[in-house]
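Welcome, and thanks for taking a look at this one. Please have the sequence and the model open side by side as you read.

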Amino acid sequence: MELIEFRNVDFYWGKVKILENISFQVNESEVFALLGPSGCGKSTMLRLISGLSRPSSGEVLINGKDVSFYKGRDRCVATVWQSKALFPHLSVRANIEFGLRIKRIKNSDINKRVKKIASTLGLEDKLDRSTFQLSGGEQQRVALARALVIHPKILLLDEPFTGLDQTLKLQLQADLRDLQEDYGCTYILVSHLLEDVFSLATRIAVIQNKKILQVGDPNSLYHSPRSTFVARFVGKKNLIPAIIRNVARQGREVIVSSIIGEGNWKAINRLNLELNDNDRAVYVIGADSIELNPTGDCILEATFRAQEIDGQRKIFYFRLERGYEVRVEICTTDSIRLYQYVRGERVNLYWKSEDAFLLKE
Amino acid sequence: MKRIGAIIFLSFVILLVFIPLLTMVVLSFCKGRFASFPWPGWSLQWYQQFFENSILHLSLLRSLIVGVAVGVISTLLGFGSGYALSRLPSRTGSSLLMLITLPAIIPFVLFGFCFAEFAGYIGILRTTISVFIAHVVVFSPLSAALCFHRFRQLNLDIEDAARELGASEIKIFFMIIGGQTWRTLIASGIVIFVLSWDEYIISWFVSGFNKTYPVYVRNMLESTMSPEINAVGSIVAFLSLLLMSMALYLLRNPGKIKEI
């Protein structure tokens, strides 16, 4: 059943609109990510869930009851703040205990719970230090411990991975996965980077410009974006402006010609868009669907610009006319030796029309 | 070479700053009435005289009471107003702080004169109470400014974190805000105590026969020029320096803030 529900929520900061008509649900034990660029209203949504801010209109419900119903000791939401917000004048132990002391839990229970979470997060020998004697990663873990020790139903994590190096990030992601099994709480994760949440989240809401654009599991967002923003932000797709030439009346095949370069390609109208001949559209093709050797029925000539190697993948950047760029990811170990191009070289790119689809501009 | 130059220069500045004070301390131990050559010898007689001067004790006690009361009340006023101002929109807060600081930065001679007229009008002129009120008016904005700047440094997420963990507003104020700012609070109290304790001009206008210690000492200088003043001065200067060092230490280290 759904644990959190946003119903047509608007939020204004003074006269500035921060959120517009937000509606979504989060189920119990989910890892739900709010993904979007900085300043799109993600953190405000967390404040609404924790009841620190009230929606200007609409409702935020937890277990079917308005969040303002949960007050003081009944609160079941805890946040790991982006600024960590540790109490700087208290020791690590006092920081972790804080929520339990407020809830007037017995001393023996407090000690037991603090000990448990501290050992899970590797903080046992840091308990009597002051918070500013810790490294960034340790502070992050203290913030996590302080939130989890009260056994919240919902844990809100505001940009938990920023400022951590790759090793710490992976460690924290693994810890979060384990902790969810131990504590069984629902995570709401806020991030501006897809990589940070892609492996962890069960569902992602992509937010841009005060609104939710699309909600779905990571795969569906990656493979079937419904807007150009999601295609670019989540799928890292190549977007090429195109004109509809011929809409096949049967089936979903559409012939388009690109506005830049000279290509006449087929694409699948996967989203069942309302398309007419001579409409403008955006032709979407994934970086990992493009090949550099002749396969597939679509072809495009482009200028080689640069390449980079990322583990098993080699990423090529090609330039089209009018400043458009195409990214190509080739995922074989051979590609390190194969495909050596000089800057400025004209190269043919190939792909299968069934991998491409169309979006409205 | 550069280093030696810097050391010499700094030593010179330190010497310059402390020479008047040192002269006073040395003279307070002088055997004769005036320092002369050859050195007349060492003595504690001026300290003894000070310990027997009950009128001087009374003025010191009066200054102590006024100073402590002014320190406490001004700091409470300053803490409250500093907190309120810090939560206003940035520019409004700073402007209002400037507004309440204005009376404190007009020349003390003018302020003393005006306040004496006002005190006479409401019938408290020449009382210790009027010294107390005048000092609160002049010094509480300083406390407000000190506290204001400390409050502005606080990360507001920290209060929200406590609120979310279930803390009541009263607990947040005392445990979280108070916990982070008590050093500034105490430092402000000490600074204002020392300032009030040493303040002469306003006190001269309003204290009348209930002389505070600086007024008494000034009168003493006019009448007798007794070296006893050097003894009193040395003791008071020592205490002031001690207290100010404490205040500066607390202010330099306001709750051990570090970016986290």
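Domain bounds here come from an automatic or database domain assignment. This is a predicted model, in which local features need pLDDT of at least 70 and side-chain atom pairs count only at pLDDT 80 or more, while totals for chains, interfaces and linings use all residues. Residues are numbered from 1 along each chain as its sequence is written, and chains are lettered from A, with ligands numbered from 1, in the order in which they are written.

Let's begin with the domains. Chain A is assigned domain 1 (2-228) and domain 2 (237-359), and their C-alpha centres lie 39 Å apart. Five residues of domain 1 and six residues of domain 2 make the contact, where contact requires C-beta atoms, placed from the backbone, within 7 Å.

Chain A also meets chain B: 24 residues of chain A are in contact with 20 residues of chain B. On the chain B side, helix 7 (156-164) and helix 8 (169-198) each supply at least two residues, and helix 7 gives the most, with seven residues. Helices (H or I, at least four residues) and strands (E, at least two) are DSSP runs, numbered from the N terminus.

The table sorts two of these sides by class; Ala, Val, Leu, Ile, Met, Phe, Trp, Tyr, Cys and Pro count as nonpolar, Asp, Glu, Lys and Arg as charged, and the others, Gly among them, as polar.

| Domain 1 of chain A, touching domain 2 of chain A | one residue | three residues | one residue |

Note on methods: Two residues are in contact if their C-beta atoms, placed from the backbone, lie within 7 Å.
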